[in-house]
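Welcome! Please take a moment to look over the protein shown here, and then let's walk through its fold together.

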Amino acid sequence: MTALWITLWRVQGSVWCMAGTSAAVIALVGIDGSGKTTQAVRLAAALCAAGITARYGPNPGGRRFLGRVARRLGRPDAIALVGRRGLLLIEAVLRWLAIARSLVAARLTGRIAVMDRYTPCQLVSIRAHGGGDRLERLVRAAYAPFPRPAVIIFLDVPPGLAYDRIEQRGDDHEDIEYLNVSHAAYKDVLSDAVHVDGTGDPDTVAQAVWAAVWPGIEHGLAVDAGQS
Ligand SMILES: Cc1cn([C@H]2C[C@H](O)[C@@H](COP(=O)(O)OP(=O)(O)O)O2)c(=O)[nH]c1=O
């Protein structure tokens, strides 16, 4: 237990160190099935191909994993195991650790962090699952040290299309009502995101993501080279 607290304290220290820096973070957010993972992996690869070292960071909240654990323990789902608020709290902690790990790893290797989900995703999850204002305030405070991304891309996909994609993916399931509420919550939570239409084929969407990201990267490179 002591070792766990020491580890958390060290990670927290590293994240606080990054908060005041211009750590290059690009975040892709959106409802499940919007294409975040597909596009974040592609973006990291495209940046590397352009000679910009980038690191893909998956930032899951562990909901699927906890669902599997619950079923192994004979419960229908994770909520039946730990309760709705308990699950939101566990998810918030797991995602905090995942984001911190991705940021620290990118920082240590001098890479741009391409984040598959970021802090807004946890706020949306709390709203969509009815976690309440107190939990939202707690999560906002706990996630505040994370650096503001250079670009946040909101992959905008109608909930019905996202639902069909999730069903085709076949490794999980989401209710259409949950996707509808999440979609509305993202629009409410995000103030400075670049909205990218995620309904096209993956190549078209990847081009739109690149067009949204590249000007900021070019500007950052020029600043680093002292040309602006
Ligand atoms: C990006 C994209 C994904 N997909 C498929 C791939 C996946 O099986 C599924 C969901 O994509 P995925 O990238 O897993 O979405 P998220 O990380 O947001 O949950 O949809 C399409 O059919 N078309 C697309 O344009």
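What follows is a short tour, from the whole chain to its sheet and some of its helices.

This is a predicted model, in which local features need pLDDT of at least 70, side-chain atom pairs count only at pLDDT 80 or more, and totals for chains, interfaces and linings use all residues. Residues are numbered from 1 along each chain as its sequence is written, and side-chain values use heavy atoms, leaving out hydrogens and water.

**The whole protein**

- The protein has 10 helices and five strands; helices (H or I, at least four residues) and strands (E, at least two) are DSSP runs, numbered from the N terminus.
- Of the 228 residues in the protein, 43% are buried, where buried means under 20% relative accessible area with a 1.4 Å probe, counting protein chains only.
- Take the contacts (heavy atoms within 4.5 Å) between residues at least 6 apart in sequence: 77% of them join residues at least 24 apart.
- UniProt, in an unreviewed entry, lists residues 30-182 as "domain: Thymidylate kinase-like"; its positions are given here in the numbering used for this model, the feature name is shortened, and such annotations may be inferred rather than shown by experiment.
- That span, residues 30-182, is 61% helix and 10% strand, and its end C-alpha atoms lie 8 Å apart.

**The sheet**

- Five strands form an open sheet in the order β2-β3-β1-β4-β5, with parallel pairing; two strands pair if DSSP finds at least two bridges between them.
- At the edges are β2 (54-58) and β5 (194-197), each of which pairs on one side only.
- On average, neighbouring strands of this sheet are turned by 20° against each other, direction ignored; the axes are lines fitted to C-alpha atoms.
- β2 and β3 run parallel and are joined by five bridges, and P58 has D116 in β3 as its bridge partner.
- β1 (residues 25-29) and β3 (residues 112-116) also pair in the parallel sense, over four bridges, with V25 standing opposite A113 in β3.

**Inside strand β3**

- β3 is largely enclosed by the rest of the structure, because five of its five residues are buried.
- In a regular strand the side chains alternate between the two faces of the sheet.
- I112, V114 and D116 point one way from β3, while A113 and M115 point the other way, and all are buried.

**Helices on the sheet**

- Helix α5 (residues 84-108) lies across β1, β2 and β3 and runs at about 170° to β2; such angles run from 0 to 180 degrees between N-to-C directions, with helix axes fitted over the stretch in contact.
- Helix α9 (residues 176-189) packs on the sheet too, touching β1 and β4 (151-156), and its direction makes about 150° with that of β4.
- α5 has 25 residues and reaches 36 Å from its first C-alpha to its last, close to the 36 Å expected at 1.5 Å a residue; the expected span is 1.5 Å times one less than the number of residues.
- After α5 comes G110, whose phi is positive, near 65°.

**Helix α2**

- In α2 (residues 36-49), the residues K36, Q39, A40, L43, A44 and L47 are buried.
- These residues cover an arc of only 135° around the axis, which puts them on the same side of α2; the arc is that of the directions from the helix axis to the C-beta atoms.
- Just after α2, G51 takes a positive phi of about 85°.

Technical notes
Buried means under 20% relative accessible area, exposed over 50%, partly exposed in between (1.4 Å probe, protein chains only).
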